[in-house]
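Open the model in your viewer and keep the sequence panel beside it. Each stop below says what to select, then what is there.

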Amino acid sequence: MTTATEPVRPAGSVRTPKLRADASRNRERIVLAARDAFVEFGADVPLDEIAKRAGVGNATLYRNFPDRVALIREVVLLVKNRILARAELAMAEADTPGGDGPFDALQRFAHASVEEKVGGLCTLFSSHLDPHDPEFTEVRERLQSAVGGLMERARAAGELRPDVDHGDLFIAMSQLTRPLPNTSCGLLDEFVHRHLQIFLDGLRAPAPSALPGRAATFEDFQNKN
């Protein structure tokens, strides 16, 4: 299973200057440390704490990110691009002849994606950044296409129940990675894959029951402003 520290190449383009190898590693350490700190403490966590977690000096952090908004934007782009890369890899696996089927590819995508702790970052998406940023729009559209295509393949193969959509999957991944009040993030990490698998088993066809309401889609999550 892919972990959050494994090097997954972003599938989108983050427009930052080309860096030396050591500077690039420092930048990635800062962004990953910021992601975890934002999940644990929220967007107002001291930047000094992020630098400490990343193992770099304050000057290195501020050289890469002149202010908090720039760092938040980079964290969101990294997370979105890593999830996109996993979705496009799952699509390629689902289309591989002799593979283990599109539903298994969908499961691998879901388990890898929750490592990005997206539920704990929802407030960053909605309150600190422009949802119409062209880079965010590009990643969102590619992610919608990849995950939608993956679910369509699983549905056509008779492996995915017909009354669910990609929004249902992303709601579950978001809720399962949102820290519960008055609990430690370590406790969440221990159980997230177990509870995700319970949910994924509920997506399998044939469906044992009818679902109330309608399927959630990507459009339900887009900012309407």
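**Stop 1**

Select residues 1-14. Here pLDDT, the predictor's confidence in each residue from 0 to 100, stays under 50. The model has 37 contacts beyond four places in sequence for this stretch, a contact being heavy atoms within 4.5 Å. Where pLDDT is low, the predicted coordinates should not be read in detail.

This is a predicted model, so local features need pLDDT of at least 70 and side-chain atom pairs count only at pLDDT 80 or more, while totals for chains, interfaces and linings use all residues. Residues are numbered from 1 along each chain as its sequence is written, and side-chain values use heavy atoms, with hydrogens and water left out.

**Stop 1: the whole chain**

Now show everything and colour by confidence. The protein averages a pLDDT of 84, and 85% of its residues score at least 70. Switch to cartoon: there are nine helices and zero strands. Both are DSSP runs, numbered from the N terminus: helices are H or I with at least four residues, strands E with at least two. Select helix α2 (residues 47-54), which has the highest mean pLDDT among the elements, 96. Then select helix α6 (residues 122-127), which has the lowest, 75.

Of the 225 residues, 43% count as buried. Buried means under 20% relative accessible area, exposed over 50%, and partly exposed in between (1.4 Å probe, protein chains only). Among contacts between residues at least 6 apart in sequence, 77% join residues at least 24 apart.

**Stop 2: helix α5**

Zoom in on Q107, in α5. Q107 is buried, at 11% relative accessible area. Its side chain makes a polar contact with the side chain of D104 (3.2 Å). Another polar contact, of 2.7 Å, joins the side chains of Q107 and Q197. A polar contact is a pair of N or O atoms within 3.5 Å; within protein, one must be able to donate a hydrogen and the other to accept it, and residues adjacent in sequence count only if both atoms are side-chain atoms. Beyond its neighbours within four places in sequence, Q107 is in contact with Q197, L200, D201 and R204.

**Stop 3: salt bridges**

The structure holds 18 salt bridges. Each is a side-chain nitrogen of Lys or Arg within 4 Å of a carboxyl oxygen of Asp or Glu.

- Select E74 and R27. Their closest N and O atoms are 3.4 Å apart. E74 lies in helix α4 and R27 in helix α1, so the pair ties together parts 47 residues apart in sequence. Both E74 and R27 are buried.
- Select R161 and D163. Their salt bridge is 2.7 Å, N to O. R161 is buried at 3%, whereas D163 is partly exposed at 29%.
- Select R35, D36, R82, R86, E116 and K117. A network of salt bridges links them.

**Stop 4: helix α7**

Select residues 134-156. R142 and E138 both lie here, four residues apart, about one turn of the helix. They form a salt bridge of 3.7 Å between the closest N and O atoms. Finish on A156, in α7. Is A156 buried or exposed? A156 is exposed, at 73% relative accessible area. Its C-alpha atom is separated by 9.4 Å from that of P102, 54 residues apart along the chain.
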